[in-house]
Amino acid sequence: MALGTLAFQNDDNKNQIVECKALPTLVLMLRSEDITIHCVAVDVIRKLVNSSPNNKKEVLLARDLQPVLCLLSSRCSEIQTMAAFLLCQFATDSDCKVHVSQRGAIPLLVDLLKSPNALLQEVSTFALWRLAKVISLVLLRD
């Protein structure tokens, strides 16, 4: 919770969190059995990647993406929604979108469209739209 508070609307703090190598600890938190810990870790990571493209790349280097993808299969729709929203933020950068797609996010997001939770459906749709938008631009460019 303290990292989330520090990262809230303060880019300098976000950069210091990344520079102080807090990402490996956040990755461990994503693998916890405790749903509350998942929420805290996803929230902090979301705040970090929202602030800078460099932080997004650091998250990818810290191997944060795979545990986030695993959270899309959580039994808790709140965790699934937070993970899908985080993927939306990764999907704003063409290099990150390729990583997200290559690691299997698309089938997981498509499965979430079947959820009875309207917010989860909406966030999943938005993530898929962003991924499709960038992938089509990359294909056109090549």
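Of the 142 residues here, 44% count as buried. Keep in mind that this is a predicted model.

How does the radius of gyration sit with the chain length? A compact globule of 142 residues would come out near 14 Å, and the protein has 14 Å, so the two agree. The C-alpha trace spans about 40 × 35 × 25 Å along its principal axes. As for contacts with a separation of 6 or more, 62% of them join residues 24 or more positions apart.

| Item | Value |
|---|---|
| Positive side chains | 15 |
| Negative side chains | 14 |
| Distance between the centres of the two charge sets | 4 Å |

Now for a look at one helix. Helix α3 covers residues 23–30, and its buried residues are L23, L26, V27 and L30. Looking down the axis of α3, these buried residues fall within an arc of 105 degrees, so they line one face of the helix. And what covers them? The cover for the buried residues of α3 includes α1 (2–7) and α2 (11–19), along with α4 (35–51), α5 (53–61) and α6 (65–71).

Terms used
Residues numbered from 1 in each chain as written. Predicted model: local features only at pLDDT ≥ 70, side-chain atom pairs only at ≥ 80, totals over all residues. Heavy atoms only, no water. Rg over C-alpha atoms; globule rule 2.2 N^0.38 Å. Buried < 20%, exposed > 50% of the residue type's maximum accessible area, 1.4 Å probe, protein only. Contact = heavy atoms within 4.5 Å. Lys, Arg positive; Asp, Glu negative; His and termini not counted. Charge placed at Lys NZ, Arg CZ, Asp CG, Glu CD. Helix = DSSP H or I, 4+ residues; strand = E, 2+ residues; numbered from the N terminus. Arc of directions from axis to C-beta.
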